[in-house]
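The sequence and the structure come first.

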Amino acid sequence: MRHVWSLLAGIVITPLAWFAVAYGQAVMFDAAQVGGTRPLWLGLALFAAVGLLLGLIGSLRVSPAGPLFVAAGYLGTTGLLIARPETAKQALPDLVQVGGTLVVPLSPVSTGVLGLIGAMLLIAVASLQRWRGWPRPDAAEQTWPEMLAPTAADRDENTLADRDTFNGFADLRTPAAASGVDAPSWSAPTKV
């Protein structure tokens with residue numbers, strides 16, 4: 001079921017992130033122009049939001065199906081633009097006007113931003129641990145509350161300090177010191 005939810009998230013996030021990148025590029029282009037009306041921070045905020053959204057789908061250990069869908073869509077579109085530029089240009093609308101800003105949906109593809117994002121999301125897909133399910137706990141393995149609870153032999157002891165077996169540094173003595181002999185057990189080499 002985790003693969004289905006991740007795939008659905010990828011299907012929803014792919015066009016939203018694409019449009020947010022295109023809109024952010026249009027806002028930043030307008031802000032860079034003399035007499036531009038859009039603030040630069042708006043474009044940067046859109047890029048940050050896209051980065052956080054795609055970072056979540058790429059880094060959370062839910063399932064690689066969502067990042068795989070997004071990466072395939074972005075890299076496939078970039079590959080289509082490289083292989084058949086006219087087909088890619090005809091498949092996407094030329095301009096979309098949003099709140100007085102002209103947005104070019106092809107701009108994230110032609111600038112290589114979507115190819116970059118798709119390649120980064122392939123790293124999330126390549127992780128073998130994301131394809132595995134969550135580990136099931138062993139029945140014989142004790143949990144923390146069971147390990148901290150007093151055993152049947154020591155029901156009167158309620159703290160870890162009562163069961164502490166540390167006996168100072170007595171165990172750190174050398175074998176010679178432990179035997180009570182003052183001389184070391186080895187002899188230094190002598191000159192011949």
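F69 counts as partly exposed, at 35% relative accessibility. The model is a predicted one. F69 is placed in helix α3, which covers residues 65-83.

F69 belongs to a nonpolar surface patch together with M1, V4, W5, L7, L8 and I11. The accessible area of these residues together is about 700 Å². Helix α1, residues 2-32, supplies the largest share of the patch, with five residues. Patch membership requires over 30% relative accessible area, and F69 has 35%.

## Annotated segments

An unreviewed UniProt entry gives the feature "transmembrane region" for residues 40-58, 65-83 and 103-126. According to the record, then, one of the segments is 65-83, and helix α3 has these residue limits in the model.

In the model, the span 65-83 is 100% helix and 0% strand. Its end C-alpha atoms are 26 Å apart. For the span 103-126, the content is 75% helix and 4% strand, and the end C-alpha atoms lie 33 Å apart.

## Aromatic pair between helices

How many aromatic pairs does the model contain? The count is two aromatic pairs. One of them is formed by W18 and Y74, whose ring centres are 6.1 Å apart. The planes of W18 and Y74 stand at 85°, so this pair is edge-to-face; the cut-off for that class is over 60 degrees.

Because W18 lies in helix α1 and Y74 in helix α3, the pair ties together parts that are 56 residues apart in sequence. W18 is buried, with a relative accessible area of 15%. Y74 is buried as well, with a relative accessible area of 1%.

Are F19 and Y23 buried or partly exposed? F19 counts as partly exposed, at 35% relative accessibility. Y23, in contrast, is buried, and its relative accessible area is 16%.

How values were computed. Residues numbered from 1 in each chain as written. Predicted model: local features only at pLDDT ≥ 70, side-chain atom pairs only at ≥ 80, totals over all residues. Heavy atoms only, no water. Patch = residues over 30% accessible without salt bridge, like charges linked within 9 Å, V, L, I, M, F, W, Y side chains within 5 Å. Areas by Shrake-Rupley, 256 points an atom, 1.4 Å probe, with all protein chains shown as cover. Salt bridge = Lys/Arg side-chain N within 4 Å of Asp/Glu carboxyl O. Helix = DSSP H or I, 4+ residues; strand = E, 2+ residues; numbered from the N terminus. Buried < 20%, exposed > 50% of the residue type's maximum accessible area, 1.4 Å probe, protein only. UniProt positions renumbered as here; feature names shortened; annotations may be inferred. Phe/Tyr/Trp six-rings, centres within 6.5 Å; stacked < 30°, edge-to-face > 60°.
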